[in-house]
Amino acid sequence: MQEQPGVARGSPLRPLPNLIFASRWLQLPLYLGLIAAQAVYVVHFLLELWHLIEAAAGSQAALQQLIASIGYKPTGPVTALNETIIMLVVLALIDVVMISNLLIMVIVGGYETFVSRMGLQGHRDQPEWLSHVNASVLKVKLATAIIGISSIHLLKTFINADNYTDRVLIAQTAIHITFLLSAMAIAYTDKLMSASGSAKH
């Protein structure tokens, strides 16, 4: 790549550009806040899992907590775990895991892309997707993760459909289709931009 005339490689930035460039570190508290949110999700996951184990062991208090947390409204009294409750709780746990994965992608990918290099090249635990991450790839991956989360929510709603009105079911389905179409549009736009960039080179 040809260097611009009058600009030496490695020369320090002028004060104003240096201030503007350093402003990227203002995002650091945001990523630290997302790490704290990740910790809250871990605690929530462990509590829900513990309640499920307790309910399986016969605890009525844990069973009622699970029923309240998943929004299950049985037609009669529930005295033991049934397949529907177990499925809804497991889907809720999967939902937490997928949101946690989304947080990791935003924290690690966002920091690497917009703040500073993490120097993970050659590290045995470097995520496979991080080696070729950029703003466009990150957008597509986030859109895909959101579709997965929306799918889990929609499945939970359909399993527990008796507790929802037709209007809610139609609205959630329409929202999920909107997410899907949006992700396809983002991926297609990224493909067109990548093809355009390759053609120029």
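What follows is a short chat about a predicted model of one chain.

Reader: What should I know about the model before I start?
Author: This is a predicted model, in which local features need pLDDT of at least 70 and side-chain atom pairs count only at pLDDT 80 or more, while totals for chains, interfaces and linings use all residues. Residues are numbered from 1 along each chain as its sequence is written, and side-chain values use heavy atoms, with hydrogens and water left out.

Reader: How many helices and strands does the chain have?
Author: The chain has six helices and zero strands, where helices (H or I, at least four residues) and strands (E, at least two) are DSSP runs numbered from the N terminus.

Reader: Okay, where is Thr157, and is Thr157 buried or exposed?
Author: Thr157 lies in helix H5, which covers residues 135-159, and Thr157 is buried, with a relative accessible area of 3%; buried means under 20% relative accessible area, exposed over 50%, and partly exposed in between (1.4 Å probe, protein chains only).

Reader: And which residues is Thr157 in contact with?
Author: Leaving aside neighbours within four places in sequence, Thr157 is in contact (heavy atoms within 4.5 Å) with Tyr164, Leu169 and Gln172.

Reader: Changing topic, what about Ile53?
Author: Ile53 is placed in helix H2, residues 28-56, and is partly exposed, with a relative accessible area of 45%.

Reader: How much of the whole chain counts as buried, then?
Author: Of the 201 residues of the chain, 26% count as buried.
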